[in-house]
Amino acid sequence: MTERYEVHEHDVLVIGAGGAGLRAAIEASAQKASVGLVTKSLLGKAHTVMAEGGIAAALAHVDPQDGWETHFQDTMKGGSFLNHWRMAQIHAQEAPDRVRELEEWGALFDRTADGRILQRAFGGHKWKRLAHVGDRTGLEMIRTLQDRGVHMGLEVYMECTVTRLFLDGGRIAGAIAYWRESGKLVVFRAPAVVIATGGVGKAYKVTSNSWEYTADGQALAFEAGAELIDMEFVQFHPTGMVWPPGVMGLLVTEGVRGEGGILRNAKGERFMWKYLPEARRNEYAASEEEARRWLDASVAGKQTDARRPPELSTRDNVSRAIYTEVKEGRGSPHGGAFLDISYLPAERVMKKLPSMYHQFLELADVDITKQPMEVGPTTHYIMGGVRVNPDTAAATVPGLFAAGEAAAGLHGANRLGGNSLSDLVVFGRRAGEAAAAYARGLGGNRPRIAEAEIEAEARDLAAPFERAGGESPYDVHHALQQCMNDLVGIYRTEKELERAIEELAKLKARAAKVRIVGTRIYNPGWHLCRDLRNMILIAEAITRSALLRKESRGAHSRLDYTNPDAALGKVNHCCVRAGETMRVSATPLPEMPAELKRLFEAAPQPVGAKA
Amino acid sequence: MSAAPGTKPAGAAADGAHATEAVLSVFRGDATGGAEVEYKVPVEPGMVVLDAVHWIQAHQAPDLAVRWNCKAAKCGSCSAEVNGKPALMCKSRMDHFPPGKPISVRPMKTFPVIRDLVTDVSWNYEINKRIRPFSPRPGAQWRWQQHDIDRAQEFRKCIECFLCQNVCHVLRTHELKHQFAGLEMHPIDGADRTLDLRDQSGIGLCNITKCCTEVCPEQITITDNAIIPLKERVVDRFYDPVMKLWRMVTGKE
């Protein structure tokens, strides 16, 4: 029996309406393409709203020494040089224009004393670089893009979940989705698809990610035959809430440390000095006195020769530091570290970190202007994702594009805070532009969707209602989250990763037999059945890639291989579908051209004029 | 375990609290009707109503419909009426309700129910399309002081939870006031929305009962800082005799 479905036709279908998806849709629309923007949530609720600290761009408003070269250097160093150099270059060069563009579209960033966009310090960034709006930068960004898109007349399909991409002769032909509200099916005929679906954090138990982060885009791309790279690099943000249990994992913005937050252990020791990597120690203050001088100058908006505090080390490093302090018995009462901003005037804390103030007061009964916060690592971001062409954001399947967290390459082995918001708009714009050009270039030669594939997917989607036995998808999801938390977390070992592979195979078999009750009208249990399949698939990609990387680099830390391995620093791990199995192999990392390499020599010289 | 010197460990007060049980009385039904169903839920320290709803989904009613995203009060998706009061479920602490009594959880009243706790809020998106977009004045300087934007930034904190709409007694005739304000108060915005405010949005109908301000989870003072100033703009333009004379004499708007 064939189920009825509605059909829509577009030149470009953008999946995901966060920063990257909206920016891609705006650009493709500006190129006169017919654009469909599909989101599994309501418009404006995407994960981008949760980004707090700011958007990184070398505007050089606060620190005039800044420029794209330094931003490029910081991004490459932060990513342990596993980044695609060209993506890092494009990103650093174009981010300032994208920030100015947001302002032209109505975004109201905080201001400097001379009336320009204010910038704050963040981990791993040499200069004060993050344009921000208090601690709700992502919200400002998504509202700005949302309003821009709505008034351009974008066609938005809200609460609509894409479950499969269709190919015709190896090229993208369209996609199928269901309306969450009614459970009815929708087929999109579109020769170009932009994946902008964000991350995978819901595969983990302790996470700062929202319900949407179920690895949809990575799984859709993988099943369509696209290559995924760097999947072993999952970022554990150092500062998530650890208490009370209901809010465990909830993000505490890095802006707290950017504004002067100090990390201490249960003995009152400011422990971050101990964990600075030797190679970068000279970039950080050597004493409490120097860190304080840096902060005072920062608050006063003045220049200083003092170096930044050790808390502003990169995220991978701060996460490991907190984890180690707790493991060695110096943790806070609920198994974290103390993060203290209460020594600053209460008025400043409330002005610069208002949502953190309310979050702790209302959810944890902690007044951060008077008491320290308790924080610990939380799953936050995946550096890996769909392999893309740096200039066009094109994936390895013709007609498929990817941008934002779902794409890989910019961040290498570890992302710097603030680089994700800029990633969204820089590569979102490029993806939208290239997708529109691709669709235009096809002329009348458009791929077609085979009816049999639509029917097969419709049957697959209906299956959980028709099974007689089978367990609840929620039980399988909880088991997956526990498995990933316990076996594929901050520190990994061969033994545990191998166990995870076995567990994931069992979970996959269980997920294939889940059963759901009720109707198709707004049924979250049914929605989870499909999300679960995506999460398990991508959990396997993470685990297999982690197993292969027998070294410690960036966010990937192995207890059995504690040092970086120079040979592995020259390869990405690439996951690709081979029939019903996953093939993982090492592929060479593109080599940086000589003029960019010179930036990393002893006394770096700027190349060319500032962008 | 010792705390940092001179500091009180965060959350220490809640320590030792043992898991107890609460009863949630949740609306189950759709546009054709429904009723509240009671569920027993174990309570952990710091637990919020949304956690309890998730527990019910995972253990008792996998098809219980609820809209949520971030569970961090940043996305405004989980609006509902908890014990009759409009609130975000992710910010409603279980320990703030009287123990021993069922906690009632119902969908927002103003919007049509789709299923269980999920309502049709598409009307808000339709209204949003009708608000004239930000339009910078030609030749404007892109420089301004922080105090120039403090007011506009207040309204831009809006997370679109629609709780203010839910409690507004003249709903469907004057809406999204603070979004107007967020644009009208941009230092270099040049679009004229005054006529829209008077004719389409019915700003005159609001008799400033401040219900919207009371329920705003972002503490936006909607009535005092958005609606009243916008009312003043309409009054200055259309009803102030001195301003009318001034415009006649000078020919300026």
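User: A crossing is left-handed if the near helix is turned anticlockwise from the far one by less than a right angle, and right-handed if clockwise. Which is it for H15(A) and H16(A), left-handed or right-handed?

Analyst: H15(A) and H16(A) cross left-handed. Bear in mind this is a predicted model, where local features need pLDDT of at least 70 and side-chain atom pairs count only at 80 or more, while totals for chains, interfaces and linings use all residues. Residues are numbered from 1 along each chain as its sequence is written, with chains lettered from A and ligands numbered from 1 in the order in which they are written.

User: OK, at what angle do those two helices pack?

Analyst: About 160°, with 10 Å between the axes of H15 (494-511) and H16 (524-548) of chain A. That makes H15(A) roughly antiparallel to H16(A), a label for angles over 145 degrees. Axes are fitted to C-alpha atoms over the stretch in contact, and angles run from 0 to 180 degrees between N-to-C directions.

User: Switching to strands: what's the order in chain A's open four-stranded sheet?

Analyst: S13-S16-S15-S14, with antiparallel pairing. S13 (234-241) and S14 (262-264) stand at the edges with a single partner strand each, so one side of each has no neighbour in the sheet. From one strand to the next, the twist averages 45°.

User: How many bridges join S15 and S16?

Analyst: Three, between S15 (337-340) and S16 (373-382) of chain A; DSSP has to find at least two for strands to pair. A:Ala337 sits opposite A:Val375 there.

User: What about chain A's domains, where do they run?

Analyst: Domain 1 is 239-378 and domain 2 is 463-588, with bounds from an automatic or database assignment. Their C-alpha centres are 32 Å apart. Five residues of domain 1 of chain A touch four of domain 2 of chain A, and helix H9 (315-330) of chain A gives the most to the domain 1 side, four residues.

User: And chain B?

Analyst: Chain B has domain 1 (18-119) and domain 2 (122-250). Eleven residues from each of these chain B domains take part in the contact.

Conventions. Contact = placed C-beta atoms within 7 Å. Parallel < 35°, antiparallel > 145°, perpendicular 65-115°, else oblique.
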